[in-house]
Amino acid sequence: MTLSYLPIFVVDVVGSLAMIILGLLCLRLALNIRSHDKGNAIWIYLAWVCSGLVIFAVSRSTGHIVKQLLILDGFDEVWVAIQPYSGAVNTMALILVASITLFFRQIWKIYKQILKDKRALQLAHEELMSLNQNLEARVEERTRDLAAESAQRMSLEKHMAQTEKLAAIGELSAGVAHEINNPLGVILGYCQLLIRAETTDSERKDDLKTIEKHVKHCQQIVADLLSFSRSAGTEKAPCDVHQILDDVIEFISKHTDLSHMDVVRKYDQSLPQLHLNREKIKQVFINLVMNARYAMGMGGVLTLETQYSEADRRAVIRIADNGSGIAESDITRIFDPFFTTKPTGQGTGLGLSVTYGIIKDHAGDIHVDSRLGEGSTFTLFLPAH
Amino acid sequence: MKKYNVILFSALFCLISALVPGELLAIQAHGGNEGIVVHQLGHIFFFVSMGAFVYWLREGRILGHAGWWYIMVFALLMGVWNLDVLLMHYLDEQGHLIEVTKTGPWTVMIKSATGSDMLSMVYYLGKLDHLLCVPALFFLYLGLKRIKSSLESGNSGKEI
């Protein structure tokens, strides 16, 4: 079969040249890719494969081109002499490329492991960075918590000290009151006998009446002290707190001018009747409202608010004013007997002490929040049985 | 005592060896068809490595990444090229089934030992093996180019 040699010649020579060119282009690209990330095992592998292919393409293609040219020029015997060397190099290049290719699996495994380790390292690094960044915020947060805890503890300690102090004062007051109460009774009795013995409106009778008045005043103080010390017995019955509050406002408005005050009522209608001593609680409300009136002076808003917590079974009663407020240094002393900021002759300093005693006698509690110049809020907590 | 025995036996062995000469077989000769056998084994090795490469590319789910499909085509074409060259070498140098005679400056007569024109034609077409290996390298070039552009655009990042 006779065939044209031209196609074989052209494909061989042009193909060989193309192999060298393409091999070199591939190597250049592979090196370029590797330069993007010199530590990437896959890119290193591709560069190795391309290097092997270039060696293979150059050795084989050179052999082919030389062979075609020598045969074409009739130097067949020269080619026969060169052929073993060209073939040997060719075989070595062939095995080289095949060997490099077979490393792919191991390279791929190594690459995946490196990638995994890198991710783990990155994750750890990010976590560390985040911890580092948040450390300051966490320290601040913890400091705030500690400060809040400390403030709460201090407030509790203050409250306990106040309670203990008031209890001690109460005990002392009760003792003194009992000791004074009997002589006062005797003085009053004899005084009244002497007044009865006087027939005319003499100067002596007026003097005795003055003594009687002051003895009664002393007895009132003693009674107040007994109320504070809670040594007087109290009879309790179900009462409507809203009704008592309204009665108090009405009672005070009859005796004093409340026209300069706005009374705001925020009553919780779910508040049930409470087991209270009506008269004593009335006295508490009178004391607090009168204090508020005094603090507001020329005018202001008096807020009466009630709340009922079913979960705690507890009634909360707030009596708030926007008056002059209480100085911080006085807050701890306002429930002390005879402590008053009013001018001499305007108050005995027993109003809040009595209030405190009555609330405690009802198994309740009383808190005060006040800011100088902004007003005060007295909060009463009473059990709802 | 043991040391002296070793020396004695060694001396005896050297004496007997000198008295009874034979062929020098210490280094194997590499004549004959060994060259073509080595070359053919090289092609088989290359073919197997390309096959394994294609298998690992598919198994490792790498083909979804930019450029690797082209690299797989490169490996497939190189595998086919190896089979083609393997056959040509066999027909030419091992089986001696083909005889090529130059009949003119640009003509050749291809004669098969079996007299089959089909085999002559297969040999003729098989000799155009660059039609397989050049496209193979072109596909490798395309694959690398895709990887490079993907890295430059930052689509795939540095990881594949």
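**Where the chains meet**

Guide: Helix α1 (residues 6-36) of chain A and helix α5 (residues 130-153) of chain B have axes that come within 9 Å and cross at roughly 20 degrees. This is a predicted model, where local features need pLDDT of at least 70, side-chain atom pairs count only at pLDDT 80 or more, and totals for chains, interfaces and linings use all residues. Residues are numbered from 1 along each chain as its sequence is written, with chains lettered from A and ligands numbered from 1 in the order in which they are written.

Visitor: Why is α1(A) called roughly parallel to α5(B)?
Guide: Angles under 35 degrees count as roughly parallel, and the axes cross at roughly 20 degrees, so α1(A) is roughly parallel to α5(B).

Visitor: What residue classes make up the contact of α1(A) with α5(B)?
Guide: That contact has 19 nonpolar, 6 polar and 3 charged residues. Ala, Val, Leu, Ile, Met, Phe, Trp, Tyr, Cys and Pro count as nonpolar, Asp, Glu, Lys and Arg as charged, and the others, Gly among them, as polar.

Visitor: How many residues does the contact take from each chain?
Guide: Chain B gives 41 residues and chain A gives 40 residues, counting two residues as in contact if their C-beta atoms, placed from the backbone, lie within 7 Å. On the side of chain B that touches chain A, α5(B) gives the most, with 13 residues.

Visitor: What makes β1 of chain A and β2(B) a pair?
Guide: Strands pair if DSSP finds at least two bridges between them. Strand β1 (residues 2-4) of chain A and β2(B) have 3 bridges, in the antiparallel sense, so they pair by that definition. Within β2(B), B:Val108 is the bridge partner of A:Leu3.

Terms used: Axes fitted to C-alpha atoms, helices over the stretch in contact; angles between N-to-C directions. Helix = DSSP H or I, 4+ residues; strand = E, 2+ residues; numbered from the N terminus. Parallel < 35°, antiparallel > 145°, perpendicular 65-115°, else oblique.
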